[in-house]
Amino acid sequence: MDLLEISKNNNKKPVPLYIKMLSLFSVVRGYNILLIVTAQYLASIFIFSPEKSLRYVLLDVNLYFIVLSTICVIASGYIINNFYDSETDKINRPIKSKIDAIVSQKNKLRFYFLLNFIGVAIAFLVSWRAALFFSVYIFLIWFYSHKLKKYPLTGLFSAAILAILPFFAVFVYYKNFSEIIFTHAAFLFFILLIRELIKDLERIKGDFIQNYQTIAVKYGEYFTKILISFLVVLTLNPIYFLLKYPEIGGMRYFFYTSIVVLFIFVISLWFSNSKRNYMLLHLILKLLIIIGVLSLALIDYTVIINKILLK
């Protein structure tokens with residue numbers, strides 16, 4: 001029996017625990033959390049603390065606690081977002097919605113509060129500032145899910161900002177304020193803005209029915225495509241400045257590839273007119289982000305050698 005069959009019959013007989021765990025993994029988008037954790041550690045190793053040994057970074061207890069708090073808070077964020085979007089997802093994501101529904105709304109809220117409590121408690125082990133950061137982050141995620149995402153500009157910018165904030169937890173911990181880090185953040189911010197607009201196009205039907213005033217709903221597909229194209233052009237600016245830094249090492253090949261991918265992306269965007277097309281474009285951006293995260297390890301070949309040799 002597959003997950004969909006179980007979700008249809010979950011009121012008739014008890015659902016196996018492992019099925020509920022798979023459903024919860026779908027709700028919290030465990031694959032996204034894994035990517036964020038990988039990005040945090042790679043950024044810590046190759047950007048935020050290039051002079052420290054690999055062993056030192058990996059065995060840093062405070063960094064471990066920050067990452068663990070991030071996991072709990074982001075997972076709870078996905079839960080509350082899923083809670084508020086349950087009706088919209090039935091239209092936009094019918095299959096995933098059925099899988100997510102295996103875990104009841106009541107149990108989702110229990111996990112939400114539990115994960116938030118654990119996340120803040122762990123952050124207190126680092127410092128009260130870390131606990132405050134994650135407490136504010138929890139509130140912002142809730143406020144976005146409850147209110148902000150229903151409006152065009154606030155929904156767009158708040159989603160991108162919330163997606164990039166976990167990196168600032170590590171950023172503040174290391175107190176590394178170099179120009180290259182801000183430029184990396186600008187590149188990622190533009191990519192996330194583009195991704196949010198593609199998601200708006202992909203989910204326009206459900207958002208319209210639920211009266212979510214996204215940019216795609218309020219201003220239409222044509223204007224949204226113009227805005228995405230404009231943001232792609234803006235994305236070329238941080239790429240240009242990043243390529244001028246010799247410290248990026250082998251990661252420059254990722255940025256060269258990004259230029260080609262974004263060019264193809266914009267052309268494909270203007271020929272797209274269906275949910276399936278937008279889902280494909282969304283997948284391209286996801287792959288670009290994943291490859292970008294993994295390519296952090298190539299930021300400077302000498303750093304990799306030093307990480308291995310340093311004790």
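Biologist: Why is R93 called buried?

Modeller: This is a predicted model, and in it R93 has a relative accessibility of 19%; since buried means under 20% relative accessible area, R93 therefore counts as buried. R93 lies in the loop between α6 (86-92) and α7 (94-100), and its C-alpha atom is separated by 8.5 Å from that of R203, although the two are 110 residues apart along the chain.

Biologist: Which residues are the closest to the centre of the second largest pocket?

Modeller: The second largest pocket has a volume of about 320 Å³, and of the 17 residues that line it, R93, E202, M279, H282 and K286 are the closest to its centre. Two or more lining residues are given by each of the elements α3 (30-48), α11 (179-202) and α15 (275-294), and α15 gives the most, with 7 residues.

Biologist: What makes up the lining of the second largest pocket by class?

Modeller: The lining has 10 charged residues, 4 nonpolar residues and 3 polar residues.

Biologist: How do you know that K199 and E196 meet in a salt bridge?

Modeller: The distance from N to O between their side chains is 3.3 Å, and the rule asks for a side-chain nitrogen of Lys or Arg within 4 Å of a carboxyl oxygen of Asp or Glu, so the pair of K199 and E196 meets the rule for a salt bridge. By this rule the count comes to 1 salt bridge. Side chains of opposite charge can pair when their charged atoms come close.

Biologist: What separates K199 and E196 along helix α11, and are these two residues buried or exposed?

Modeller: K199 and E196 are 3 residues apart in helix α11, so they are separated by about one helical turn, and both K199 and E196 are buried.

Biologist: Why does T38 count as partly exposed?

Modeller: The relative accessibility of T38 is 26%, and because partly exposed covers the range between the 20% limit for buried and the 50% limit for exposed, T38 is placed in that class.

Biologist: Why is S49 called buried?

Modeller: S49 has a relative accessibility of 0%, which is under the 20% cut-off, and S49 therefore counts as buried. S49 is found in the loop between α3 and α4 (54-58), and from S49 to T224 the separation is 175 residues in sequence and 39 Å in space, C-alpha to C-alpha.

Biologist: How do you know that R129 is exposed?

Modeller: The relative accessible area of R129 is 57%, and exposed means over 50%, so R129 is exposed. R129 has its place in helix α9 (residues 128-146), and R129 and Y173 are 9.9 Å apart in space, C-alpha to C-alpha, while being 44 residues apart in sequence.

Biologist: Which residues make the nonpolar surface patch, and why is Y222 called exposed?

Modeller: The patch, of about 880 Å², is made by Y222, I226, V260, F263, I264, I267, W270 and F271. The elements α13 (215-242) and α14 (252-270) each give two or more residues to the patch, and the largest share, 5 residues, comes from α14. Y222 is found in helix α13, and because its relative accessible area is 60%, where exposed means over 50%, Y222 is called exposed.

Notes. Residues are numbered from 1 along each chain as its sequence is written. This is a predicted model: local features need pLDDT of at least 70, side-chain atom pairs count only at pLDDT 80 or more; totals for chains, interfaces and linings use all residues. Side-chain values use heavy atoms; hydrogens and water are left out. On a 1 Å grid over the protein atoms alone, a cavity is a set of points where a 1.4 Å probe fits but cannot get out, and a pocket is an open set with protein on both sides within 12 Å along at least five of seven lines; lining residues have an atom within 4 Å of a point. Grid points are joined across faces, edges and corners, and a volume is the space filled by probe spheres set on the points. Helices (H or I, at least four residues) and strands (E, at least two) are DSSP runs, numbered from the N terminus. Ala, Val, Leu, Ile, Met, Phe, Trp, Tyr, Cys and Pro count as nonpolar, Asp, Glu, Lys and Arg as charged, and the others, Gly among them, as polar. Patches are made of residues with over 30% relative accessible area and no salt bridge: like charges are joined within 9 Å, nonpolar side chains (Val, Leu, Ile, Met, Phe, Trp, Tyr) within 5 Å. Accessible areas come from the Shrake-Rupley method with a 1.4 Å probe; for residues, only the protein chains shown count as cover. Buried means under 20% relative accessible area, exposed over 50%, partly exposed in between (1.4 Å probe, protein chains only).
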